[in-house]
Amino acid sequence: MVIYVDINEFQRALIRVDAPGMYTTIQDLGRIGFQQYGMPVAGPMDSESYLLGQALVGNKEPLGALECTVLPPTLTVQGTCIVAFTGADMHPTINNLVVPRYIPFICHEGDIISGGFSQCGVRMYIAFSGGIDVPAINGSVSTHTKAKIGGFEGRSLQAGDQFGIKAFTRDEVNVCDFYGGHNLFNTALYNRGGRECHEPLRVVLGNQAKYFTEKGIKTFGSKIYTLTVQCDRMGFRLDGPVIEHIDGADIISDGAVFGSIQVPSDGNPIVLMADRQTTGGYTKIGTVITADLPRLSQLPVGDGIHFDIISVEEAQEIYRTYMKRLYKRIQLAHQQSLYVFKVS
């Protein structure tokens with residue numbers, strides 16, 4: 001049953017953190033345009049899942065959401081809010097009822113949001129209509145824990161924290177009874193574009209590839225590397241066959257982007273991620289293409305990674321196709337946002 005609810009204005013809600021999960025931070029799209037001043041970008045590791053969550057809750061611009069790692073937090077709602085879960089499958093729950101990802105739910109006073117250890121992927125996003133109400137720094141609420149800025153006091157959430165959800169107005173809200181197989185679910189939102197988790201990560205070689213031997217580049221593009229426990233939001237350190245330099249790994253520091261692959265003197269690659277430094281002094285053999293970064297961000301420790309070297313022209317064509325598909329999925333998510341489900 002679909003019920004039209006003529007309640008378009010939602011007052012500021014509060015969220016209490018009863019348990020923080022394994023590593024939960026507040027993120028938006030990050031601090032764009034400040035790297036020249038030494039300010040890291042931060043932002044979501046999986047921007048695709050983050051953006052779909054924002055669309056699902058009806059936010060017309062990217063706002064603060066929760067990025068949960070491996071195990072989500074347990075939250076108590078004070079007031080009324082609309083939430084959606086995207087990204088890794090952590091079996092999200094509302095009042096102990098497992099709910100699907102990629103559809104919005106309405107939560108009321110006393111409702112409890114939680115979940116379990118991830119069954120697939122590493123990072124889940126919890127989006128809220130109106131966004132999380134914390135102070136912005138350089139135009140962003142993203143948390144960068146190493147710099148201790150943004151989000152909630154520049155750190156991951158802890159038990160006892162409390163943060164607000166901004167008041168918001170929705171043009172239309174259709175509150176629907178929740179059934180497990182409801183025909184209003186946009187199941188196309190689950191489709192990540194047809195590329196499986198363990199397919200190769202596509203890489204474009206950069207100008208610094210000239211610092212590596214032909215053997216080193218061949219090794220990089222043909223061998224399997226393992227994601228080690230030394231991985232966080234700043235970078236993923238890999239272990240595998242040594243990538244051979246011509247004459248050392250050190251260079252004059254230059255700019256670093258999301259997906260850059262540094263190779264220090266030990267010959268094992270490090271993929272720079274969302275919290276990367278603004279510059280780096282190790283040779284960079286190449287960069288993971290934009291379309292594969294969300295998939296990379298969801299790989300667990302111990303997974304094998306194979307790099308597939310492609311041309312700039314191939315990468316550009318893949319990017320155009322990927323962005324066109326992502327835009328269509330975001331449009332679907334905005335359509336889904338008109339139908340908000342309740343669990344009781």
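## Basis of the description

Residues are numbered from 1 along each chain as its sequence is written, and side-chain values use heavy atoms, with hydrogens and water left out. Because the model is predicted, local features need pLDDT of at least 70 and side-chain atom pairs count only at pLDDT 80 or more, whereas totals for chains, interfaces and linings use all residues.

Helices (H or I, at least four residues) and strands (E, at least two) are DSSP runs, numbered from the N terminus, and two strands are said to pair if DSSP finds at least two bridges between them. Strand β5 (65-69) is joined by four bridges to β4, the two running antiparallel, and four bridges likewise join β5 to strand β12 (residues 120-128), again in antiparallel fashion. In the pairing with β12, L66 has I126 as its bridge partner.

Five of the five residues of β5 are buried, where buried means under 20% relative accessible area, exposed over 50%, and partly exposed in between (1.4 Å probe, protein chains only). In a regular strand the side chains alternate between the two faces of the sheet. Both faces of β5 are covered, with A65, E67 and T69 on one side and L66 and C68 on the other.

## T24 in strand β4

T24 lies in strand β4 (residues 24-27), where T24 stands opposite C68 of β5, and its relative accessible area is 0%. Contact here means heavy atoms within 4.5 Å; leaving aside neighbours within four places in sequence, T24 is in contact with L66, E67, C68, L71, P73, S156 and L157.

A polar atom of the T24 side chain also lies 2.8 Å from the backbone oxygen of P20. A polar contact is a pair of N or O atoms within 3.5 Å; within protein, one must be able to donate a hydrogen and the other to accept it, and residues adjacent in sequence count only if both atoms are side-chain atoms.

The backbone oxygen of F128 lies 3.0 Å from a polar atom of the N59 side chain, and, with neighbours within four places in sequence set aside, the contacts of N59 are Q54, F128, S129, G130, G131 and H334.

## A seven-stranded open sheet

Seven strands form an open sheet in the order β9-β8-β11-β6-β3-β14-β13, with antiparallel pairing. β9 (97-98) and β13 (132-133) stand at the edges with a single partner strand each, so one side of each is left without a neighbour in the sheet. Within this sheet, two bridges join strand β8 (residues 93-94) to strand β11 (residues 112-114), and T93 stands opposite S114 in β11.

## The largest pocket

The largest pocket has a volume of about 690 Å³. Of the 31 residues that line this pocket, S47, F258, T290, L293 and Y319 are the closest to its centre. The elements giving two or more residues to the lining are α1, β24 (284-288), α3 (293-297) and α4 (312-336), and the largest share, seven residues, comes from α4.

On a 1 Å grid over the protein atoms alone, a pocket is an open set of points with protein on both sides within 12 Å along at least five of seven lines, where a 1.4 Å probe fits, and lining residues have an atom within 4 Å of a point. Grid points are joined across faces, edges and corners, and the volume is the space filled by probe spheres set on the points.
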